[in-house]
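Let's take a walk through this model together. Have the sequence and the 3D view ready.

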Amino acid sequence: MNPVIEAIKSRRSIRKMKPDPPLTREQVEMIIEAAVWAPNHYLTEPWRFVVLMGDERAKLGEAMSTALLATSSPTPEQLDNERNRPLNASVVIALISSPKSNLKIVPQEEMIAAGAALQNMLLAAHSL
């Protein structure tokens, strides 16, 4: 089978990460580089990336549990799960959609381009 199609068919989102060694800086850079190759109209590159490692993941977990508490009535177990979610991976790479704005740019195209960048990231991470 074609390796690209095989990668698309075999990539799955998982909650429980493997106990693999942490990603190297070079691997993180390769994942982000794959993202920026996503098609985007007018070459706007409507995305930004945030890489969280170490204690930064715990800070994200605290923010996530605070947001959950502000928007619902979670159980203590749900709060703990949300707080610990970023700690399941050695590295968290967040893609932030950052649409550009002018008369020629269509906002929906910017969002779709960010989604394409995210899919490239997922496939790159899967390949590594």
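At roughly what angle do the axes of helix H3 and helix H4 cross? Keep in mind that this is a predicted model. The answer is roughly 145°, and the two axes come within 7 Å of each other. To find the pair, look at residues 55-71 for H3 and residues 76-84 for H4. Their crossing is right-handed.

Now zoom in on where the two helices touch. On the H3 side you'll find Gly61, Glu62, Met64, Ser65, Leu68 and Leu69, and they meet Gln78, Leu79, Glu82 and Arg83 of H4. Sorted by class, this contact has 4 nonpolar, 3 polar and 3 charged residues.

One of these is worth a stop: Glu82, which sits in H4. Is Glu82 buried or exposed? Glu82 has a relative accessible area of 17%, and buried means under 20%, so Glu82 counts as buried. Apart from its neighbours within four places in sequence, Glu82 is in contact with Gly61, Met64, Ser65 and Leu68.

Time to zoom out. The chain has 5 helices and 2 strands, and from the N terminus on they run α-α-β-α-α-β-α. The C-alpha trace spans about 45 × 40 × 25 Å along its principal axes. Of the 128 residues in the chain, 23% are buried. The chain exposes about 9,100 Å², with carbon and sulfur atoms supplying 60% of that area.

Technical notes
Residues numbered from 1 in each chain as written. Predicted model: local features only at pLDDT ≥ 70, side-chain atom pairs only at ≥ 80, totals over all residues. Heavy atoms only, no water. Axes fitted to C-alpha atoms, helices over the stretch in contact; angles between N-to-C directions. Helix = DSSP H or I, 4+ residues; strand = E, 2+ residues; numbered from the N terminus. Left-handed = near helix turned anticlockwise from the far one by under 90°. Contact = heavy atoms within 4.5 Å. Nonpolar A, V, L, I, M, F, W, Y, C, P; charged D, E, K, R; others polar. Buried < 20%, exposed > 50% of the residue type's maximum accessible area, 1.4 Å probe, protein only. Areas by Shrake-Rupley, 256 points an atom, 1.4 Å probe, with all protein chains shown as cover.
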